[in-house]
Amino acid sequence: MDRSLVVRRSFSGAPWESQVGYCRAVRVANQIFVTGTAPVTLDGSIFAPGDAYAQAKRCFEIIQQALQALDADLSCIVRTRMFVTDISRWAEFGQAHHESFADHPPATTMVEVQRLIDPAMLIEIEADAIVVTQSE
């Protein structure tokens with residue numbers, strides 16, 4: 001392992017980060033890994049209960065904030081993983097994904113799960129990003 005690599009972390013301030021021991025995103029060199037991101041408000045409540053599209057958009061907003069803290073943005077994302085509680089609503093989730101990535105589509109996966117940590121959450125999204133500099 002190259003110990004000269006600098007590890008940078010981005011925190012959203014969610015109470016679960018310190019309770020569980022994780023951060024919103026980690027950057028090592030030009031790679032960024034964004035943890036599962038749920039549709040929550042600043043106070044930790046669920047954003048737009050029942051609205052699949054709005055919840056997905058909120059997840060991408062939180063992901064964008066984490067990336068910006070690590071000198072990146074959504075255009076750097078190369079892979080997303082969407083965990084959804086009702087796959088029949090794929091078009092609503094997909095619309096939010098398309099609006100976020102139409103000009104730079106990443107590889108993606110959508111998987112139906114039985115339940116997320118709060119039953120009002122319809123989606124949780126993970127993302128991986130690579131920051132490419134002008135010289136690369």
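**Exercise 1. Where is the place of aspartate 71, and what stands out about its backbone?**

Before we start: this is a predicted model, so local features need pLDDT of at least 70, side-chain atom pairs count only at pLDDT 80 or more, and totals for chains, interfaces and linings use all residues. Residues are numbered from 1 along each chain as its sequence is written, and side-chain values use heavy atoms, with hydrogens and water left out.

Step 1. Aspartate 71 sits in the loop between helix 2 (52-69) and strand 4 (77-84); helices (H or I, at least four residues) and strands (E, at least two) are DSSP runs, numbered from the N terminus.

Step 2. Its phi is positive, about 60°, although aspartate 71 is not a glycine.

Step 3. At 54% relative accessibility, aspartate 71 counts as exposed. Here buried means under 20% relative accessible area, exposed over 50%, and partly exposed in between (1.4 Å probe, protein chains only).

**Exercise 2. Work out where alanine 29 lies and how it is classed by accessibility.**

Step 1. Look in the loop between strand 2 (25-28) and strand 3 (31-37) and you'll find alanine 29.

Step 2. Alanine 29 isn't a glycine, yet it has a positive phi of about 55°.

Step 3. With 42% relative accessibility, alanine 29 counts as partly exposed.

**Exercise 3. Which pattern does the protein chain follow, and why can it be called as compact as a globular protein of its length?**

Step 1. Tally the secondary structure: 3 helices and 6 strands.

Step 2. Along the sequence, these run β-α-β-β-α-β-α-β-β.

Step 3. The radius of gyration is 15 Å, close to the 14 Å from the globule rule for 136 residues, so the chain is as compact as a globular protein of that length. That radius is taken over C-alpha atoms, and the rule is 2.2 Å times the number of residues to the power 0.38.

Step 4. For the overall extent, the C-alpha atoms fill a box of roughly 45 × 35 × 25 Å along the principal axes.
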